[in-house]
Amino acid sequence: TFIAIMLCGKRTIILAYFVSILFLFFSSITLKNLKKGFAYLFFALLVSSPFMNDLVKRSFEANEGETLNIAAGLAPRYVELVENSALSDVEVTGVDFSITERIVKTYQSIEYFKESPITGSGFWASPFKYNYLPDSALFQILVEGGLLGLFFITAFIFIGWRSSKTLNLSNPLLGNIVNFYRVSSIFILVAGLAANTIYTFSLFGLLVLLAGLNRHIKFELIK
């Protein structure tokens, strides 16, 4: 898994992976396995450093360090959007097109969100109504579900996280399921900073885990 994620070249996925691993590391570390845990962590950082160095160069040393308008290299619809917005005079140096496109898409998402800030424009409105996908889970929720959608999804993840903390994790299988739920939640949230992670399959996966934990949660409360 580690090698596959490193080789995928997706910056957000790699960041989410490391944040998840760090959470798992610090939540499970004990004095007994302290040295071994830090040794594994150091080894992971050592192995990943060449990949991370390449990602940094690709992200911030692109276009031979040339200073370009933020719309340079983007699709015509985004060029037109920039020309008619406050971003028209913004220039960037060495930043690759995937980053500038995300900045412009974020600006566009804010404009769409303003159209229906409370309830949003509806599920799958981004591709079917607006013909685009915001590269951010947060803005996808705001555009399609509005503030109400953001509230309910946040509540869903928060309740699941809080409920999982009431469980007795002495059962190894149950402990692994709970840890998987927590790590998955962190991964989805961090990756969602610049990717479409809060959607049907990822949320359904968390729902299945919660359903599986539900009987254990009730059992612990009854005891």
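## Gln108 and its contacts

In this predicted model, Gln108 touches Arg77, Tyr78, Leu81 and Tyr132, setting aside neighbours within four places in sequence. Gln108 sits in helix H5, which covers residues 97–115. Its relative accessibility is 6%, so Gln108 counts as buried, the cut-off being under 20%.

## Tyr130 in the H6–H7 loop

Tyr130 lies in the loop that links helix H6 (125–128) to helix H7 (137–164). Tyr130 is buried because its relative accessible area is 9%, and buried means under 20%.

Beyond its neighbours within four places in sequence, Tyr130 contacts Arg77, Tyr112, Glu115, Ser121, Ala125 and Val143. Tyr130 and Ser109 are 21 residues apart in sequence. Their C-alpha atoms are 9.9 Å apart in space.

## Helix H2

Helix H2 runs over residues 11–28 and has 18 residues. From first C-alpha to last, H2 reaches 26 Å. That is close to the 26 Å expected at 1.5 Å a residue.

Several H2 residues are buried, including the aromatic residues Tyr17, Phe18 and Phe25. Thr12, Ile14, Ala16 and Ser20 are buried as well.

## A nonpolar surface patch

Ile118, Leu147, Leu148, Phe151 and Phe152 make a nonpolar surface patch of about 520 Å². One of these residues, Leu148, belongs to helix H7. Leu148 has a relative accessible area of 42%, so it is partly exposed. Patch members need over 30%.

Notes
Residues numbered from 1 in each chain as written. Predicted model: local features only at pLDDT ≥ 70, side-chain atom pairs only at ≥ 80, totals over all residues. Heavy atoms only, no water. Helix = DSSP H or I, 4+ residues; strand = E, 2+ residues; numbered from the N terminus. Buried < 20%, exposed > 50% of the residue type's maximum accessible area, 1.4 Å probe, protein only. Contact = heavy atoms within 4.5 Å. Expected span 1.5 Å × (residues − 1). Patch = residues over 30% accessible without salt bridge, like charges linked within 9 Å, V, L, I, M, F, W, Y side chains within 5 Å. Areas by Shrake-Rupley, 256 points an atom, 1.4 Å probe, with all protein chains shown as cover. Salt bridge = Lys/Arg side-chain N within 4 Å of Asp/Glu carboxyl O.
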